[in-house]
Amino acid sequence: NISIMEDLTTPVRPQHKFNVLSLHRYLSAKSLVSDNDRLTVRQYSSGQSNPTFLIQTPSKGYVLRKKPPGELLPGAHKVDREYRVQKALFSAGFPVPQPILHCTDVEVIGTEFYLMDHVKGRTFRDLRLPGVSPAERSALYVAAVEVLAKLHSLGLASLNLEGYGRGPGYCRRQVVTWTKQYTAAAHRDIPAMNQLSDWLMKNLPASDNEVTLVHGDFRIDNLIFHPTEARVIALLDWELSTTGQPLADLAYFLMPHYWPINLDISGTMGSVKGIEGIPPVQDLLSIYCRCRGISSEFPPLNFYLALSFFKMAGIAQGIYARYLLGNASATNAAVFGSCVEPLAQVALQLTQRSVAVMNMPQTDTTKDALFLQTAKGQAVLQQVKDFMRQYVLPAQQEVAEYYSKHAQSPQRWQTPQIIEDLKVKAREAGLWNLFLPSVSGLSQLDYAYIAEETGRCLFAPDVFNCQAPDTGNMEVLHMFGSKEQKKTWLEPLLQGEIRSCFCMTEPDVASSDATNMECSLRRTKDGYVINGKKWWSSGAGNPKCKVAIVMCRGSSPDGSRYSQHSMILVPLDAAGVKLIRPLTVFGQDDAIHGGHFEVHFENVHVPASNIILGEGRGFEIAQGRLGPGRLHHCMRAVGTAELALELLCQRAASRRTFGKHLYQHEVVAHWIAECRLMIDQARLLTLHAAHAVDTLGNQAARKQVAMIKVAAARMACKVVDLAIQVYGAAGVSGDFPLAQMYMNLRTLRLADGPDEVHLSSIARFELRDQMKAAQAKL
């Protein structure tokens, strides 16, 4: 039941044969084939309505869809509409085969037809998806419902499909249309169909004004999936597409969840109840709503489900009618006649109960309620995923080539033009400054999921203007900056016009104890003078880096250790600011992130207005800055670890040693299991910390943030280390991204404080909490 598209073809059936030489001449005139090409034609076994054929030459493949021969039902088999909608969708980047041409000249092959590109991938004729694991089964259904949501999110105006359908009133038109289609095709009277038609007309939705593009026959077996990935690469069969109510499409897709277990239509339509891995209705609805960015509160779906069964019964009747006429497209058309009445009876049963979302078949969804994003967060996450897949990930090779080409040139500090172009696209798409709640409208929990997604690509955060250390600096200016500081520095940072760096760690003291810092801040008559050395100032090498936030010790010895330091804004072009050298990480200068520089400040004068919040407030600001920043780092680490595990599994499945695949060695299998355990644990811990920041604030969530800073970095280092071990020597080479991943993640165990400092903090917080609990018991 898992088929590559070529495997689904048969010799052309006698009733559908046409003049292949005439087609050859026509395609040759259109420069699609050459006169010398040998043209082979086979017919797809699927496709109950418009006959579909695989047209092949030695070098190219096409798919041809045509009207069936003979007398046809009025309004059916509109191949011109299929061509039009596919052309619009392909231009918009939606996964459909590329339409090549539409021919209305019936002299060519006897009927109107259109030609499209041949998409190679997997199709599943059985909706229960036998032959794949429960995990992949779930992923395939999720991919399907995401594509449906994406379809319903497309704007008709942007597709130039205004007028493609008749808009509002879709449900009434559907009932009328399918009643007519059924009546025209009926070979005998079926009272249940008449009763169902009457019920539908009398129970039309009170509001039927929402209009999107609808597919009309959205099912798993009309999708082509990537050969190896759970990703839809083409949605087929657009004959029934129009504009109207998207809930009708959604209910049609969900219909197998309500299908009687004992009713099976030739293996293609049946019940998915109890099939391990197929997500329950509630989960699919949640994903659909998240992807569309809409409320999960649906009206009862019983009307739409009943309409779906009525429509399926009407389709079955039409197929059987074509069988009786001798022009059915499929070989199994005869079996459909016996399905019409049972389908109508199922629909009538659904009309007797209110199928509200909360009453739908579902499993325990407690786990899904943990750390749930807002509707906006879910929608933005889907946008980011789509943007990453469409633009960011394909750019990785070009970015890598840029830094390889300019490795020994000062040009390596420049941001490649392709990244700058992606920034423009991201900003136009509204995917900009997502890390800052007051700007994006997202919670820390919302953004945590997004940060995980961007962790799968080294430069992805930059594309969305969500890169460290700028994010932390922008948060500082947003929370603590004066009006003047915001205008001068925050606004251009938010616009992406400039970059910044953060100068805290020093070469001459143990900076894990931040109170050791000696870079001095001395007050003068009209401002401040700064003297000292800093290093590991990330991003300072980028030519767009124009300002640094510098942590300095004041001249007054009074007060506690934590009230002697201040943060101050220093323009990098100020006299006395010197970029000494880029430091290397495992021998790499990390130019893609602007490097990590040693910076000296020699009698640097800045105005008093550059002090942030006030003298002695440095540690107070640092706590506000580092909380969200650590969340972002940790979730990006989770995303990187997920990618590393994917690479590990790919290698383990493709390489053999001692007569078996690597994953069949128990030690490697255990590594895979341990990685999954560690990643999921770290993700949940980080999401819990994000939730705590959202609900309790930065100060109250310090323990949770410290915990994730240790756990996530350790986890990610371990997962990447195991992936490297599976890859062997290749894992530490530049041929694969694992060495770069390890470099970044190992650094994370030191950045923003080493593990040991955080462990001490966690212990202190835990002892405090235990003492409070003990006192409460007493």
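Colleague: Before we start, what should I keep in mind?

Modeller: It's a predicted model, so local features need pLDDT of at least 70 and side-chain atom pairs count only at pLDDT 80 or more, while totals for chains, interfaces and linings use all residues. Residues are numbered from 1 along each chain as its sequence is written, and side-chain values use heavy atoms, with hydrogens and water left out.

Colleague: In what order do the strands of the open sheet run?

Modeller: The general idea: strands of a sheet pair through backbone hydrogen bonds, either parallel or antiparallel. Helices (H or I, at least four residues) and strands (E, at least two) are DSSP runs, numbered from the N terminus, and two strands pair if DSSP finds at least two bridges between them. Here, six strands with antiparallel pairing follow the order E2-E3-E4-E5-E7-E6. At the edges sit E2 (9-10) and E6 (99-103), each pairing on one side only. Two bridges join E2 to E3 (residues 40-44), and Thr9 stands opposite Tyr44 in E3.

Colleague: Which strands does helix H2 touch?

Modeller: Contact means heavy atoms within 4.5 Å. Helix H2 (residues 79-91) packs on the sheet and touches E5, E6 and E7.

Colleague: And how do I read burial? Where is Val96, for instance?

Modeller: Buried means under 20% relative accessible area, exposed over 50%, partly exposed in between (1.4 Å probe, protein chains only). Val96 lies in the loop between H2 and E6 and is buried, at 6% relative accessible area. Beyond its neighbours within four places in sequence, Val96 contacts Gln86, Leu89, Phe90, Ile233, Ala234, Leu235 and Trp238.

Colleague: How many residues of helix H7 are buried?

Modeller: Nine of the nine residues of H7 (residues 246-254), so that helix is largely enclosed by the rest of the structure. Its cover includes H3 (134-153), H5 (170-185) and H9 (302-325), among others. At the start of H7, a side-chain oxygen of Gln245 comes to within 3.1 Å of the backbone nitrogen of Leu247.

Colleague: Last one: which residues have the most contacts inside the largest nonpolar core?

Modeller: A nonpolar core is a set of buried Ala, Val, Leu, Ile, Met, Phe, Trp, Tyr and Cys residues joined through side-chain atoms within 4.5 Å. The largest has 120 residues, and Phe459, Ile530 and Ile568 have the most contacts inside it. Helix H20 (residues 618-654) gives the most to this core, with 15 residues. A second, separate core of 87 residues includes Val147, Trp238, Met255 and Tyr258.

Terms used:
Axes are lines fitted to C-alpha atoms, for helices over the stretch in contact, and angles run from 0 to 180 degrees between N-to-C directions. A polar contact is a pair of N or O atoms within 3.5 Å; within protein, one must be able to donate a hydrogen and the other to accept it, and residues adjacent in sequence count only if both atoms are side-chain atoms.
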